[in-house]
Amino acid sequence: MSGEASERTPAGEPSPEAPAHGDLLRDEVHHPEVTASEVVFHGAVWDIRRETFDLPEAHGLVRDMMDHTGAVGVACVDEQERILLIKQYRHPVRARLWEVPAGLLDVAGEDPLAAAQRELAEEADLRAARWEVLSDSCLSPGGSSESIRLYLARDLEPVAEEDLHVRSDEEAGLEFRWVSIDEALAAIAAGALTNAAAQLAILQVATVLRCEAEGRTAPTRPADAPRLLID
C-alpha cells in the first residue's frame, strides 16, 4: 500500500493522462478535399451518396453514405418528472420501438427549434413553453451524415382540438406512455428499450433532474445554441 501511495499524483495537480487545464474536450470539424461526389441511389426518403476524398494521412478514400437531412427529438418532461415515450413501428428492425417525439429537418430553411415544436404538436398533441438543448449527436457517423438535436421541453399544454394533426402511415398507430425516469432507466439497462435517441434523452433527463434536485446547474444549453457540425 505504501508503494501505491507514493505513485499518486499530489492533490490539486492534473494526472499525466489528463488534458492540460482549460483544454476542452471537443470534436474537430474538418473539411477534406473531395475529388468526386455523386448520388448513386435515389431513395424514397434518403439518397446514398458516394464520395472520394483525401486526408493528410490517406488519399483516394471512397465512402458511400446516407445523405441525411438531419433530425430533431424532444424529451417532454411533465410536472411529475415523467418523460413521454411513444411507440412506433420501425420497418428496418421489424419492431415497434419506444421513442421520444422526433422528426426530420426536411423543410427547407426551417429552424431546428421550430421543427421540434412542430414534431411535438404533430406526434404528441402538445406544446411547451420552456425549451432547452440537451445534446447534438451523430447517430451513425461511419455511414450517415445524420445529426440529431435533442431538446428538453417543459411547461406543457395540450394542442387545441381544432389544431390537432391527423396522423398517417406508421404514425397512425402511435401509442403514448408517461414513464418515470427510474422505469425508463431500468428498461435501458434490461435491454428492453433500444432506440438510441430515446436512450440518450432518458439518460440526459436523469442527469438534469438529479442536478436540479441537488441545487446544481443542469447541463443544458439555450434553445438557440449553435450546432458544432452545421451552424
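## Arg 118 and its two partners

Arg 118 pairs with Glu 110 in a salt bridge, and their closest N and O atoms lie 2.7 Å apart. The term salt bridge is used here for a side-chain nitrogen of Lys or Arg within 4 Å of a carboxyl oxygen of Asp or Glu. Arg 118 also meets Glu 119 in a salt bridge, at 3.0 Å from N to O.

Arg 118 is partly exposed at 21%, and Glu 110 is partly exposed at 22%. Glu 119, at 6%, is buried.

## How the model was read

This is a predicted model, where local features need pLDDT of at least 70 and side-chain atom pairs count only at pLDDT 80 or more, while totals for chains, interfaces and linings use all residues. Residues are numbered from 1 along each chain as its sequence is written, and side-chain values use heavy atoms, leaving out hydrogens and water.

## Other salt bridges to look for

Arg 216 forms a salt bridge with Glu 214, with 2.7 Å between the closest N and O atoms. Arg 216 is partly exposed, and its relative accessible area is 44%.

Which residues join in a network? Salt bridges link Arg 130, Glu 132, Arg 154 and Glu 212 into a network. By the salt-bridge rule, the count comes to 15.

Terms used: Buried means under 20% relative accessible area, exposed over 50%, partly exposed in between (1.4 Å probe, protein chains only).
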